[in-house]
Amino acid sequence: MAAILSFPRFCYFMTHPTAPDWYRSRGYLHFDAPLGVKKAQSYVTDQAKVSAHAFFPLIKYTISTEKVRLDKSINKLVRATKDRSIAYAAHLDSHILSYYAGQLAALYEAEIVASGLSDSIIAFRPLGLSNIQFAARAFSDIASRHACTAIGLDITGFFDNLDHAILKEKWEQLLGQARLPADHYAVFRSITGYSTVERTPLYAALGISEHNPKASRMRACSAAEFRSKVRAAGLVTQNQNSFGIPQGTPISALLSNIYMLDFDKQIQALISKIGGSYYRYCDDILVIVPTKDANHIAGDVRVRIKQLELDINPKKTEIREFVRTGKLLTANQPLQYLGFTFDGQRILIRSAALARYSQRMKQGVQLAKLTANSRNKTRAALGLKSKSLFKCKLYEKYSHLGKRNFVRYGYRAADLLQSQAIRDQLEPLWHRLVAEIAKP
């Protein structure tokens, strides 16, 4: 499944009303202080400065998420923890990466349009659409056919395995240059030969609170402290591999698309010849083809992915046959795509997503109760009356009464996908929340 990029929980963005599109004032703490739009623009547009620029290490942290999946051997949902590393760049470094991402994006979009790939490459592009709408497009594509086979393929460890030599070649091709100009090469080196510092030990070494990192400081440390307390302490780790780029920088997502550009063109051309459709959402590939062509198309995709020094994850490969009998379209098994399933008749939210919601809801309610109990003990010691549980916050976070949460997303999906089945899935969630709150 596609990797989803994010930033530190304390990060926020501010834009200046006259700032260029690439400029974002990021609120997180890093090895340098934030800088205004004029200074940033003066620097990033100076090719000589960029060519000689010394990039700071990325600050890195890990997000642990619990994945729920169906174990077919026992026909039960099982849970497993998945760790994902996010690395974010220093302020000036981010501006440089954003600026060059903007230059490359314009060239990339022109290639996408010229190659007829606008409807096929759907991740990390300014399309103004959501996963719901991308899924709707794919399911509608299948439903419009008399019979077809949908093949879902997942690239193993996508960002972690992008080959540096291939990336450089694709970058040069996009620029129409035999070799990268000095400024582009400096950016390339920063994203392939990158260094990282783990956030928790960094903060510990510098005496920074993880809960309030920006207290009384504009930057994590001075240049002298960086040399004596960070680099000298062995906290800096450099990527020594000839592959892999970090997730989370302003240019990473675009580079992953550039890396796949020739592959996308080849597969699109191959599939369009047989009346099929091709969709790629980051590392998540979906092809819809006549059933008679399914096996050789799946094999061809695997061969061409190998040429990029990447692999298809066999455990996540799905081959689903759709057949129409009269007006009834059925599948041998439901297709999973972008968080939804489709069996020819019904579109549903994946059961794993519902299981994750239920677990988070229960944990959230339990934490709220513990907090309320602790608060009331303090109030009792002061001779004050106890207060009841703050239910409004729980409703906002875990029910349709909130504005941005899983349940609201589900109802939005039900509307856009015109799926009563999704509404039926969501209806019991309110009663489960109320019941969980009511538990002693």
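**Exercise 1.** In what order do the five strands of the open sheet stand, and is the pairing parallel or antiparallel?

Before we start, a word on the ground rules: this is a predicted model, in which local features need pLDDT of at least 70 and side-chain atom pairs count only at pLDDT 80 or more, while totals for chains, interfaces and linings use all residues. Residues are numbered from 1 along each chain as its sequence is written, and side-chain values use heavy atoms, with hydrogens and water left out.

*Solution.* 
- Step 1: The order is β8-β9-β5-β10-β11, and the pairing is antiparallel. Two strands pair if DSSP finds at least two bridges between them; strands are DSSP runs of E with at least two residues, and helices are runs of H or I with at least four.
- Step 2: Now the edges. β8 (277-281) and β11 (328-331) each have a single partner strand, so one side of each lacks a neighbour in the sheet.
- Step 3: On average, neighbouring strands are turned by 15 degrees against each other, direction ignored.
- Step 4: Zoom in on one pair. β8 and β9 (residues 284-289) are joined over five bridges in the antiparallel sense, and Y278 stands opposite V287 in β9.

**Exercise 2.** Describe how helices α1 and α3 cross.

*Solution.* 
- Step 1: The axes of α1 (residues 37-44) and α3 come within 10 Å and cross at roughly 60 degrees. Axes are lines fitted to C-alpha atoms, for helices over the stretch in contact, with angles from 0 to 180 degrees between N-to-C directions.
- Step 2: Classify the angle. Under 35 degrees counts as roughly parallel, over 145 as roughly antiparallel, 65 to 115 as roughly perpendicular and the rest as oblique; α1 and α3 are therefore oblique to each other.
- Step 3: List the residues that meet, with contact meaning heavy atoms within 4.5 Å. A40, Y43 and V44 in α1 meet L92, H95, I96, Y99 and Y100 in α3.
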